[in-house]
Amino acid sequence: MKAFESKKRHNEIKEQLIKVCLITAASISILTTFGVLFSIIFEAIEFFQMRSFWYFISGTEWSPGVADSKFGALPIFSGTFIITLIAMAVALPIGLGSAIFMSEYASPKLRSKLKPLLEILAGIPTVVYGFFAAITVAPFIVNFFSMLGIQASFNSALASGIVMGIMIIPVISSLSDDVIRAVPDSQRKASLALGMTMSETIKHIVLPSALPGIISATILGISKALGETMIVVMAAGLRPNLSWNILEDMTTVTVRIVDALVGDHEFDSPDTLSAFALGLVLFIVTLILNVISVALIRKFKEKYKINTL
Amino acid sequence: MKNINNTNNNKNLSDNPFYDPSLTQRHKSARRFKIFTITCIAFALSFLVFFLGDMITKGLPAFQQSYMQIDVTYNDQTIASTRKAIDKKYRRIVSRAWLRNIPKMVQESPELMATTQSTWVLVNHQVDQYMKDHYYKIKNKELKIIEDMKAQGKIQLQFNSIFFTQGDSKIPENSGLKSSIIGSILTLLVTMVVAFPMGVMTAVYLEEFADDNRWTQFIEVNINNLAAIPSILFGLLGLAVFINLFGMPRSSPLVGGLTLALMTLPIIIVSSRAALRSVPDSIRQAGYGLGLTKVQVVQDHVIPLAFPGIMTGSIIGLAQAMGETAPLIIIGMIAFIPDSPGSIFEAATVMPAQIFTWAGMPERAYVERTAAGIMVLLSILISLNALAIILRKKFEVKW
Amino acid sequence: MTNNPDNSSNSTINGLTSQESPATKITVRKLNLYYGDNHALHNIDMDLYKNKITALIGPSGCGKSTFLRCLNRMNELINGVKVDGDVIIDGKNIYDKDVDEVSVRKRVGMVFQQPNPFPKSIYDNVSYAPLKHGIVKKGQICDELVEKSLLQAGLWDEVKDKLTQPGTSLSGGQQQRLCIARTIAVEPDVILMDEPTSALDPLSTEKIETLMLDLKEKYAIITVTHNMQQAGRVADYTAFFHMGDLIEYADTETIFINPGKKKTEDYITGRYG
Ligand SMILES: Nc1ncnc2c1ncn2[C@@H]1O[C@H](COP(=O)(O)OP(=O)(O)OP(=O)(O)O)[C@@H](O)[C@H]1O
Ligand SMILES: [Mg+2]
């Protein structure tokens, strides 16, 4: 009897132990997020103790590594912004168009083939896109525009923007396809029964209903573009350039982070720490975008009472 | 009312009560819209085809390398000064890397000593590029020799085994993927050893044990956010925490693997949860009916059934980690690593980082190597994904 | 059990037993429909009348909805459907090659079982189709059409102060009347209704029934119902379907009081298994 009791106790302890292990594992994911946040904040604070925060977000000159180094990130933000804009100008129409074709026009069989094919685009490592942008797209753009008598840089924002856009197509198309298909069929039927054509039904009924989901996908795409590193490191420039000319070379937040941390720099110098200040901005912006995107998708799900997205 | 019998077959437009000229325009616009969507998907897919074609045409030449058949003399003098092993006129044609290797060759096969052998020797990258009809820079004197040799069939393209048996090198014709492949394997080993158990445990906790309280919701939101953090920021974490705080060795597979593990975690968690959720409750109820405890039910009945799904997700996570470059650059895994790392503490590079390094090299011969490296990397990634799909198909829900 | 107009009395085909002679709106001849291999409608012959309400009754799965969808070519949206035979509206077979299904649907409106307003404002729900069809332009004329349609649908008084609110914010019965208003706004000749009240409470049902009786002054209405009392209350003619066959079609009184076929009687009296 006693042996049985002790065995039972033993079992209980074991159960508790396992549960504690599980909780610990689950908590590590949280630790990681905060690890990322704090490790970045910590170094960023150190940077802002050496340099002015206001100049960082509003200054127009970024010149690390020299005696009179300046850290005004505005041209870096503008380059990031413009390349992201180009990427979305490519990814949004093509991604959305593909999603509409797959969900509204293609037979289920064709769709089940097309979707994984498109998702291959998402599985290609970004370093590969970077190589493609640098070696194929950039020279093409230079040649193309020189034919028109316009000079373009080999590190043009256009080249990296386009390739980045292609990379983001599946982000937009996959999620949009899911939300478009989640729009109840009764709405399509209602519109068609009123004598609307298929395209009118899609444009005026289906897409507006799916809009929160589509916006959510777009935001996710933007967030991906902002954080994309390899394509811009390999195909965009290093020069902070406050310009709207997409044929010029531009630099981005991620490029400058890499540039600041690669090579033998002293870790505690503002040159190196500036990477963490840029990283902090990137972290905050992408986090906010993600929160918005998740909130929108949740709203969409609640509206149509679906829980499979 | 019209008479049914004679209007029935009437095809005259004016008699067609459903004729509506305003519809023509709308149908046209409907057709245009459909064509637009088809164009979109056609563009995306043709890009894929063009891109793969581009990589293959650029990369295929790297799987062959030019060799030249000449006399090589092995003796003490040539071992001391290897460039004397060959005729003077070939000095600007033969690869430095090959000559450098002569002492080792003699050491491996001593019977070579004091002989002169007609041997296929590796030529340098300029000659190789010439042989492949690429851009080259060769002096006229050498060019003539090469053309002669080519006419005699004494210089030709052979399978490039160096590409798989050598590590990185500053001499293009001597560079290969080996050290980066080994670096990738070591790094991913660390990644999986850390991420797999942690991810599965988190999933099991959230799916089977957690009550729906604030803490659980917080964890869920967090996992979601973790998945959305740009990969480069994980590099910052690795640098600030693993290297600077914990003092782990820079450029090592250990740091790289840990960094990638944190990135892979959300993928494994999400897919494992889906797999656990697809195990029907009846299985759990049956377990409880037998008087088993919750831990026993989960451990012995639920996890085994969910395992194929968990594996599928983990393989996809692994494939993603394998292609990741940005965070590894930050923690220094793009160092020049000619020799394969022996342990997870030594400096190493990984395949995508090797591709990145080669892409930045000025010599033309590295372009084909970069593209060939990409072909190898993509083949591995495709195989991994195919494996995941096969697993999923094979163990597709049986209940 | 094919329905042959020649050997039975004429009643099966035109639904008439009495001397009155209403105007025929739709003539259906030898209509067959296949869902792949499933032969869902067998040789249906039927005349449907203007300014009358025709009710389609029958057990579940007998093909009522399928038949209804044949009348505005909505079946074509389903994969693998094959339609055979004639559906003649105003003297024209709508399955002829030179007939545009969009134009058919414009003239033959449809109200569904589940109220399905668009997630737009009440105003936009009604004005959406007329604007796209070019029936009206934005502005006062459009406002008038919206008001007129909502008035006809008996909804105007309830919603006139909240036209900008989403259609989905209305009650189920109001939503269904909004769907009717939206259909009327396109100015069709025929309104098809597939169990329009089955998802509604008795009070809303009553309102819709009253509405149907009002609407028949202008339109031909064909409605599917599972509710015998409803058929009795509103329908001028009733057609009984069974397993893809049109068993009996006559004026409602005949069908309910003096059915010609045993099957019909069994179904009406609830003896149907
Ligand atoms: N979309 C479809 N695809 C394939 N078969 C269908 C489809 N819709 C209906 N059917 C088949 O056609 C037959 C008639 O169905 P229909 O929906 O017309 O019946 P119903 O009389 O409207 O039934 P209910 O009273 O339940 O609405 C059934 O056998 C059904 O299985
Ligand atoms: Mg039905």
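1. Let's start with a term: a polar contact is a pair of N or O atoms within 3.5 Å; within protein, one must be able to donate a hydrogen and the other to accept it, and residues adjacent in sequence count only if both atoms are side-chain atoms. In chain C, a polar side-chain atom of Glu195(C) sits 3.4 Å from an oxygen atom of ligand 1. Ser60(C) also takes part, with a side-chain N or O atom 2.5 Å from an oxygen atom of ligand 1. For Cys62(C), a polar backbone atom is 3.3 Å from an oxygen atom of ligand 1.

2. A word on the basis: this is a predicted model, where local features need pLDDT of at least 70 and side-chain atom pairs count only at pLDDT 80 or more, while totals for chains, interfaces and linings use all residues. Residues are numbered from 1 along each chain as its sequence is written, chains are lettered from A and ligands numbered from 1 in written order, and side-chain values use heavy atoms, leaving out hydrogens and water.

3. Now the surroundings of the ligand. Ligand 1 has 14 residues around it, counted when one of their heavy atoms lies within 4 Å; Ser60(C) and His226(C) are among the closest. On its own, ligand 1 has 630 Å² of accessible area (Shrake-Rupley method, 1.4 Å probe; for residues, only the protein chains shown count as cover), and the protein covers 63% of that. Helix α2(C) gives the most to this shell, with 4 residues; helices (H or I, at least four residues) and strands (E, at least two) are DSSP runs numbered from the N terminus.

4. Next, look at the surface. Ile23(A), Phe34(A), Phe38(A), Trp215(B) and Phe218(B) form a nonpolar patch with about 460 Å² of accessible area together. Patch residues have over 30% relative accessible area and no salt bridge, with nonpolar side chains (Val, Leu, Ile, Met, Phe, Trp, Tyr) joined within 5 Å and like charges within 9 Å. A salt bridge is a side-chain nitrogen of Lys or Arg within 4 Å of a carboxyl oxygen of Asp or Glu. The largest share of this patch, 3 residues, comes from α1(A), the helix that holds Phe38(A).
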